[in-house]
Amino acid sequence: MKAQVKANELLLENKAFIEKPNKQWFIRVFVLAVLICIGLYALVLQVIEGHLITGMRDNVVWGVYIVNFVFILGLSYAGALIAGVFHLARVEWAKPLQRILKLITVFSLIVGPIYILLCLGRPERLFNLFLYPRIQSPITWDLIAILTDLIFCVVYLYFTYIKDFALLRDNSNSLNLYGWRKKLYKFLALGYQNTPEQTKLLNQALDIMAAIIIPTSIIAYSLLAWLFGMNLKVGWHSAMTAPFFVLSAVYSGIALLIIIMWIYRKTQKLEKVFTDNHFLYLGFALVILSLFYGYFYFSQYITDWYNLQETANRLLDKYLDFSQYGFHFSIAIFLVAFLPSIIIGLPWFRSINSIVLTSVLVLAGLWVMRYLMIVPVLETPYLPMQDFRESWVHYSATWIEWSLTIAGISAFILFFIVASKFAPIIPISEMLEKKGENKLVIFYKTRRKLSKK
Amino acid sequence: MKPTYILSAPLLFLFFFCYVPTKTMAATNIQKKTKTRLKVYYEKLPNSNKKISIILFKGSGKKMAGIKNAEIFLTTYNLEEEQVLTSLYTDANGEATLIIEANYLFPKDEHGYSIIKAMYHGADSLKAAKKQIKFMDLNIDISFDIVDSIKLITVSTFEIDSIGSKVPISGVELNIGVERLFSTLYLSKIKTKKGIGIMEFPNDIAGDSLGAINIIVKIDDDDDYGTITKSAKNNWGTIVDYSIAPNGRTLFGDEAPLWMIISVFVVLAGAWYHFILAIYKVLKIKKIEQNLLQKS
Amino acid sequence: MKDKKGNSRRKFLSAGLKIGVATAAGGLAAANVFEEPPTKGEKIKVLTTDGTVIEVEKPVTDCKINPCVPAKGVEARKGIPGRSFVMVIDLAKCKNARKCVESCQKGHDLLPDQELMKVYLMKDNPESEPFWFPKNCFHCDNPPCVKVCPVGATFKRTDNIVLVDADRCIGCKFCISACPYSARILNWADKESYASNDPSYSPETQVPGQHGTVSKCDFCPDRARVGKLPYCASSCPMGAIYFGDKNEDAVTNGEETLRFKELIKERVGYRYLEELGTEPNVYYLPPVNRMFPYERGFSKLSEEQKEILLNSISKP
Ligand code: SF4
């Protein structure tokens, strides 16, 4: 009961952020909506005029769209994976992060697949995927995995909200809310009254969901990696692809988590919730992941370096040639593989702001690395590219692709703004549960069995 | 005012200079008729019908163009006397064809030659043209023998004289081949001696699933005999197996390999089972609340 | 002399037949339909045994494979029974005349910059002389593109041909990136003659095309049905492209017919990138004893284009 009281306090302390929105909030939403509308205009143009107005051509058939798709879905799987592991391992300090992680998961799962639709020549025929499915195709795997993951993650997100919805329902009279929101909370709380029986059931359900979401997200992201790995292209056709993808996903997920945490800490004055320690711990995670990333990258490229096969050589030359992708490559690899070690790993530059700045740079670097993993490979077919049309040989994205990219990011931010207005951005009830209160079912049982013996 | 006059005078001159000569040149162009040419080919088809193909065209090389809708008159000579056969119209490519049935008694001269004369009378802008060809009506017979397990194709070439008896013709060049989808695959070229040519048929010519092949004997654009094609079927070809042996590990077929279907199913079933279990637990929460309300 | 005469005539007749075929097959290829009134010579006259003259319809095509019209829908996915189409390209004869590219574009109603047949300039090693390398779809026996298609819009037939059903294609472009031979293209821009779900569409002709779907060399099975060689093979002035049926063990370039196995054996024919295990059905005869220097192929290109080609084959 003590926790309950505390939860009410905490909720009322932060009530301004979920109460009726103010003018500033509407301005933010409006700006994002404008950005999304520009993207929609670009989309309409693309539908009317065809894909010729994008930078994609017969060699580079997938451009920024696929980079975004891979990148954003990576964030999603990372969110699910990290949240699941933290939940099952009962990592106490990570409890306040749970909600952000799950929101990242769901929102990027909604935004990401849109990019693959943008990439289709005939998006209106998508239903053919269900009419004539071919299990052998990695795209079918992806379709199944993304759909499954989306359903699981949305439901999981909702489950984790139930306790807080109950809290909001119980406190709705002391909050300044629209009437419909009060009704909605009542409906969504599913009659959760915090009885021990209900708590046990809900906790069990949460454990099950966390347990199935971890493998689902790993499988789903590996399947996405095999979209490339199952391709005969030099540079993609490698057994490294899937593990490397999963690692990069977790890496980018943590970087984004730090950024979002910082933003809420600044705007919602949550210094007591998102403590300095949180930044430090995640910062160290970033360092470790950056080293892993460097290790993976090195092992992939040292192998390629020793490979004398002609096409592989041509590809490697493109990464190292400063007139081609040399600059992008060296800057990006510095950002993702070395920067965290220098800024966060060494004590001299370490601070909350530097950790956040590093996260931003790492996130950007990882996007560029994804771009470098996709576009130069497509620009390096087995046969020489003997096209007299420059745009057919070298890919460069047009404003259509960029504005749709910005629209996607805006949509992602917009979702966050709306979600954090609808319910607290921190899982209040969960956070205040006492340590050891919520035991894992399976441990509980085995321990009992052991003690019986 | 003055400068304009000065300017316009040479312009006027220039105008006449340019205009008048082109006009007269165009006029002469119409009067000058284009030269046309006729080509006539004689061909004996496998069913012994005779085919006369005619092309009427102007220009040559790349500029060669057929003349359409032109009437071509065909005549022949029967004992020094010109006899009208028929007239033909050319099609869009300037081509026209006449088929002469096998049993039609085509007049011959004392040397055994038949004559066909094609005439085009010309038109407003086209000159007349004529062309005459002569040909001898040669017959081909094909027979197959196997001697000491060697497959032999025997071809006899002969003419039929006025009393209907066969006169062997020697020294005729024959191409022997087998019919394929797009063309004839020629195997050898032989010359008849005493009206007979023999060819040894190779053992490794692909037939169909039963080994059937169609042997083609052809005389190609001979000065005397034109083009003659004759064919006969037998089953001397090798038997080709049309069934395709599937490559075990390929994935391009319509059906996915079983292990893939099973693993997808198992993974999905496992995940969805637990998912439904979790949903069931959460739905129970609602029930418990209802129970609570009833109690109170 | 005699041979030459025969050749020019054959060309002449074949030109005529092309139009005949096109009109007969009900406007099969939109590009070939001429808006001209019929001529009086559309019928053939026959002089019968009794000396009378009758008129009969022109035998429009010689139907070699039943049915003679391009297969549609499910039928098009099966393949012509008992056929196993192959192509042999004699690199010693190619001089980048680009007639194959042009006639293919015309026959398949392509834009001038869409090439189902491309001619590359290749060089095997720094010491060897460059050569011209016409490349279409190899119709692999183990096609990587078919494997990855999520909807089965591209498929392998029993007659070796790999086709695309543009009515089903969702334009995901996965197959384009999966093809190691860069054989596939997308119809990026819309065109007036394009139509979706058109009743006259057949995967065998790929006409009318469809916007946003994949297109590729189809080995022209619609032409094989009437005994015609593919556009490329029938238009090459050098006779560099041979086409035929492996089951019949014969390939022809329209002038000469050769035995496929013998040809590959004697001229040491090879398949491009054999090591990928895709098992192509297009064979190449090495560019030895060439009929002319490769520089001839530059005649239609600008200096700049020449530079691009030469740069792309010289290894740094
Ligand atoms: S682009 Fe069309 S044919 Fe190619 S894989 Fe996608 S759906 Fe199949």
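Modeller: This is a predicted model, and we may begin with the contacts, where 46 residues of chain B are in contact with 50 residues of chain C.

Colleague: How much area do chain B and chain C bury between them, and which three residues of chain B supply more of it than any other three?

Modeller: Chain B and chain C bury about 4200 Å² between them, with 58% of that area on carbon and sulfur atoms. On the side of chain B, the residues B:Leu181, B:Phe182 and B:Phe252 supply 21% of the area buried against chain C, more than any other three residues.

Colleague: How many salt bridges count between chain B and chain C, and which side chains meet there?

Modeller: The count is one salt bridge, in which the side chains of C:Arg259 and B:Asp204 meet at 3.2 Å, N to O. Polar contacts are a separate tally, and across this interface eleven residue pairs qualify, both residues being at pLDDT 80 or more. As for the elements involved, β1, β2, β5, β6, β13 and β15 of chain B each supply at least two residues of the side that touches chain C, and by class that side has 21 nonpolar, 13 polar and twelve charged residues.

Colleague: Turning to the helix, why is α13(A) described as largely enclosed?

Modeller: An α-helix has 3.6 residues a turn, so residues three or four places apart point the same way. Helix α13 of chain A, residues 352–378, reaches 39 Å from its first C-alpha to its last, close to the 39 Å expected. Because 21 of the 27 residues of α13(A) are buried, this helix is largely enclosed by the rest of the structure.

Terms used. Residues are numbered from 1 along each chain as its sequence is written. Chains are lettered from A and ligands numbered from 1 in the order in which they are written. This is a predicted model: local features need pLDDT of at least 70, side-chain atom pairs count only at pLDDT 80 or more; totals for chains, interfaces and linings use all residues. Side-chain values use heavy atoms; hydrogens and water are left out. Helices (H or I, at least four residues) and strands (E, at least two) are DSSP runs, numbered from the N terminus. The expected span of a helix is 1.5 Å times one less than its number of residues. Buried means under 20% relative accessible area, exposed over 50%, partly exposed in between (1.4 Å probe, protein chains only). Contact means heavy atoms within 4.5 Å. Buried area is the accessible area (1.4 Å probe) that two parts lose on being put together, summed over both. A salt bridge is a side-chain nitrogen of Lys or Arg within 4 Å of a carboxyl oxygen of Asp or Glu. A polar contact is a pair of N or O atoms within 3.5 Å; within protein, one must be able to donate a hydrogen and the other to accept it, and residues adjacent in sequence count only if both atoms are side-chain atoms. Ala, Val, Leu, Ile, Met, Phe, Trp, Tyr, Cys and Pro count as nonpolar, Asp, Glu, Lys and Arg as charged, and the others, Gly among them, as polar.
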